[in-house]
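Me: I am new to this structure. Please take me through it, and tell me what each term rests on.

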Amino acid sequence: MRRSAEVVIVGGGVVGSSIAFHLAERGIRDVVLIDKGAFGSGTTAKGAGGLRSQFAEPAEIAFSEASLAFYRGFAERVGAGCGYEECGFLFLLRDAAAVDRFAAMAARSRAQGSDWRILQPEEVALLVPRIDTSGILGGSFTPRDGTAKPTLAARALLERARSMGVEAVAETTVTGFRFAGDRLDAVETTAGTITTRWAVIAAGPWAAEVGRLAGLDLPVVPMRRHVFTTLPVPWLEGAPMTIDEATGWYFRTEEGHALLVSAGDMTPAPDYDVRVREQFARAAREGLRRVLPSLGDLPFVAARAGLREMTPDERALLGPAPEREGMLLAVGFSGHGFMHAPAAGQAIADLIERGETAFDLEPFDPARFVKKD
Ligand SMILES: Cc1cc2nc3c(=O)[nH]c(=O)nc-3n(C[C@H](O)[C@H](O)[C@H](O)COP(=O)(O)OP(=O)(O)OC[C@H]3O[C@@H](n4cnc5c(N)ncnc54)[C@H](O)[C@@H]3O)c2cc1C
């Protein structure tokens, strides 16, 4: 491992890999990316790969749109595929207040040029064959959203960054940060110390733990969520990723016609425990029975649980760490880290390259949670 670098990235999931890629693409290649485990083995390995632009906050919509554009052109730019599919994204809306809320967000976003539609139940039925529309008042649909494969994307971004000169070091834990006054000076690891100008924390659900090493109190809490894989359902091929807004239950189609199904569960996991709990299979199945009754007994053939990295307002902490010159944060994506990784990589590379970015980072400013005396 190098003993000095211009940039050290802590965390080799999709976010850290995207940052490494964007830096390297701009010629900033004196970069070391460090992961305590295997690259992409954190929460990136567990994600469902949904890419959506339906958000209330314009800055988040801008992040999604920039990221979607990146994923659409991924193979050409990165040199390998990421399994991107433009299947659209659909929220099922079951009460009038939700319809009103989504209609207002859609109208605002359409005024900015987005294709975000509010559908009648019969239009929902055309998108999702055999759906039970009883109790559904409408749908919120963005046809240009889609899905991709987080593990493929993370690996491809990292490989491309490496081919451009980034050093990627696995099985090595960052254990501390050294400061000269308020200015970052070095990153300490189990494989030695690296002096550096910049450190970027991209440690996913472990962000609070890594932040503490720099004396930062980052409000990022790991919350466990389960996802189940079904036997193939060929007739749902091409259906949008679909979320039942009232419960958070969702499904998406996978390659080989399997479905990924989740109850949208969220359980605090301060111990980072990702063992699968059977009760969430039952909850996922209840959702399947409610939304797609003909699939009520469809077997689940695989299960996994992962950690969503939640902040109090469910928006990322992205940008300079408060009062820590030379330290940047790209954490707390609150279950949107895959869909926002390309834009986050661009924004962090902008800040390192020229000290500013065209993205509006104010809603993501890490300083919003700093306690004032
Ligand atoms: C069930 C589930 C479904 C999801 N579905 C979606 C979805 O549809 N769309 C979407 O956008 N997002 C989704 N997410 C969220 C998404 O997976 C994450 O937001 C994203 O993967 C975060 O990537 P990351 O690189 O920040 O984190 P990670 O992939 O966790 O990477 C962080 C890395 O930091 C490393 N690390 C931690 N501490 C240290 C240390 N001290 N030293 C060195 N390395 C360290 C870890 O080993 C890890 O590899 C889902 C998450 C779950 C759990």
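**Helices, ligand and domains**

Reply: Helix 1 passes helix 6 in a left-handed crossing. This is a predicted model, in which local features need pLDDT of at least 70 and side-chain atom pairs count only at pLDDT 80 or more, while totals for chains, interfaces and linings use all residues. Residues are numbered from 1 along each chain as its sequence is written.

Me: Which residues of helix 1 and helix 6 meet?

Reply: Among them are Val-14, Phe-21 and Ala-24 in helix 1, and Ala-153, Leu-157 and Arg-160 in helix 6. Two residues are in contact if their C-beta atoms, placed from the backbone, lie within 7 Å. By class, this contact of helix 1 with helix 6 has ten nonpolar, two polar and one charged residues. Ala, Val, Leu, Ile, Met, Phe, Trp, Tyr, Cys and Pro count as nonpolar, Asp, Glu, Lys and Arg as charged, and the others, Gly among them, as polar.

Me: Why are helix 1 and helix 9 called oblique to each other?

Reply: Their axes lie 8 Å apart and pack at an angle of about 40°. Angles under 35 degrees count as roughly parallel, over 145 as roughly antiparallel, 65 to 115 as roughly perpendicular and the rest as oblique. Helix 1 and helix 9 are therefore oblique. Their crossing is right-handed.

Me: How many residues surround the ligand?

Reply: There are 41 residues around the ligand, and the closest include Gly-13 and Gly-337. A residue is near a molecule if its C-beta atom, placed from the backbone, lies within 6 Å of it. Strand 17 gives the most to this shell, with four residues.

Me: Why is the ligand said to lie between domain 1 and domain 2?

Reply: Both domain 1 (4-49 + 150-219 + 313-369) and domain 2 (86-144 + 221-307) give residues to the shell around the ligand, so it lies between them. Domain bounds come from an automatic or database domain assignment. The C-alpha centres of the two domains lie 30 Å apart.

Note on methods: Helices (H or I, at least four residues) and strands (E, at least two) are DSSP runs, numbered from the N terminus. Axes are lines fitted to C-alpha atoms, for helices over the stretch in contact, and angles run from 0 to 180 degrees between N-to-C directions. A crossing is left-handed if the near helix is turned anticlockwise from the far one by less than a right angle, and right-handed if clockwise.
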